[in-house]
Amino acid sequence: MATLIERQIDDWEKRGVIDAEVASALRGDIGATLEAGARKGTQKAARRFSFFQVVAFFAAISIAAAILIFIAANWDYVPRIARAGGVMAVIVAGYLGGALVHARYGLRRRIIEEACYLVGGAAFIGGVALIGQMYHISGDERDAALLYAAGLGLSGFAVRSLALVAVAAGWMVYWQVDGPNADTILSLQFVVFALSIGAGIGFATLMKSAWLRRIWYVAGAIGVLPIVGHYFLEALEWLVDTYDAIPVTLRISAWLIVLLFAALALIVGRFRPTLLEGLPVFSSRRAGRQFALGLLTIAFLHGELSDDAGLIAMSSLAVLYVLIALYCYGRDRQAIRYISYVVFAGEILVVYGETVYSMLGTSGFFLALGVVLAIVAFAVYRLERRWKARGKGKKADA
Amino acid sequence: MHKKPFLVISALVSAVVLCANMVWMIADRAAILRDGREVVLKTQPIDPRDLLRGRYVRLNYSISRVPPITFTGEKPDYFDSGTAIFVRLEEGADGVWQAAEARVGPRPDDGAGVWIRGETYFRMASTDNPANVRYGIERFYAPEAQAPEIEKRMRDGEVTEVVVAVAADGRAQIKALRQAGNTIYTERLY
């Protein structure tokens, strides 16, 4: 994929404005600048978005999940102590791997570094859950949440991982809201919670990460909610009752129509902007809101269709919607791109969590999803190449 | 922050601390299993399932409700959620252990008795009604391969006895399931 300036150089060379020597010197200079920019971690390095890469990535995740669940379903044949040892090996690999990625690549592979830490942190959570299961510990989920928050939060401080500290915020909120003293400020619980919020905000400030700081502000706000929120909760209850009074089929069909509308709006706004010009809801300028509407709908539909077949159907629909959004705006809108990734990962987790008792079935679903996505990725790859070739051909003609 | 000083060391320490935490949990539980006093409790199982940890059977014991008459020593006017309660267990004629005495507060220092540590789990306005107590042994996670059969037996009420190991500090740990005196499932140490 050539950048604008590279294409310009091609053009100059072709028209004889500059000779071949100058052209190649210029190209070399651009390459060096880009690399230097990347080394410094600046945004200048052209961020290339390929729908093919994304779908291939999704396929890889699905197949990996299928393998993991297949192993999980047959775990009884692995001695328990070996399982715990394996989990610990993953923890060490995650944390050390992240640190080594940082040592080797610095900020250039920041997402991979964070992903390594996340894997390590997730393994810790899984390991504690595993021990709970091994010894039938019925202790409080709240205690476990505090352990997770402390484990991920403190290790996140240690390796300066934004992702780990963000996850810790979630566990901390759970610990606070679920606690017996959630609605009193004069309690040890609230003091601990407030201190942890302060630590999180302080860390985010030190790391100069605005989004992490915002997450901790929100965490603090949610934690305080039970204290100020009796009326809020009552209003919420009334809303829920009213919603529940509507017949189920009506709710589902209404949400499906909204979802269809959101998907259509995305497609029309992106590819046929002139078709419905008079209607601003279809405009590509509203893409963010259209996308959000679809996600909201998916959330509600998940609430309606939560049993086996409905869940699988709903998850497939959600993945399809996310793929449509990525196809339309994955390249241009960073927010849509990343939220789509998160939703996809979330769908996998939901399906896994809900159908954990029929693990082989779940594994089969992921395997099928992975294979389908791999086929889609291949098709998209061919299409992208063909478009590119055609684009080049057109330029050559002109 | 572009530089992360001491990163590899920090990562190593983090991983070691997290793993040490897991090892400590395992060693702690294994110690209760190995050294704890064995008692047999009557149980009625209730429903299953846990999102993170797979399936389990929720157990309710005859000692889960502690009648007011068993309380000795000082007693508050009401039970807050999370009040620590120690219950002394005594073996009955049928081999099943029952609550013989209960105390609010720290473990009584009488040496001989088997005291199991529990906590109330919701606020009770009066202490004149039986106290609802949890001992941390209210879940049984069935191993995947044996789960369906054990769960079925438990729900049919055939499994009615749970062998529990009680540590010196009062913490308890499920050790085995029994059915009419025969052990049908024994927990391994590790």
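**Aromatic stops**

Across all chains, a search of the whole structure finds eleven aromatic pairs. Rings of Phe, Tyr and Trp (its six-membered ring) pair if their centres lie within 6.5 Å; planes under 30 degrees apart are stacked, over 60 edge-to-face, the rest tilted.

Select Trp171(A) and Tyr174(A). Their rings pair edge-to-face, 6.4 Å centre to centre with 90° between the planes. Both sit in helix α7 (residues 162-177) of chain A, three residues apart, so about one helical turn separates them. Helices are DSSP runs (H or I, at least four residues), numbered from the N terminus. Trp171(A) is partly exposed at 21% relative accessible area. Tyr174(A), at 34%, is partly exposed too. Here buried means under 20% relative accessible area, exposed over 50%, and partly exposed in between (1.4 Å probe, protein chains only).

**Charges over rings**

Go to Arg104(A). Its charged end sits over the ring of Tyr105(A), 4.8 Å from the ring centre. The test: NZ of Lys or CZ of Arg within 6 Å of the ring centre and within 35 degrees of the ring normal. Next, pick Arg333(A), which lies over the face of Tyr329(A) at 5.8 Å from the ring centre.

**Reading the model**

This is a predicted model: local features need pLDDT of at least 70, side-chain atom pairs count only at pLDDT 80 or more, and totals for chains, interfaces and linings use all residues. Residues are numbered from 1 along each chain as its sequence is written, chains are lettered from A and ligands numbered from 1 in the order in which they are written, and side-chain values use heavy atoms, leaving out hydrogens and water.

Definitions and conventions:
Helix = DSSP H or I, 4+ residues; strand = E, 2+ residues; numbered from the N terminus.
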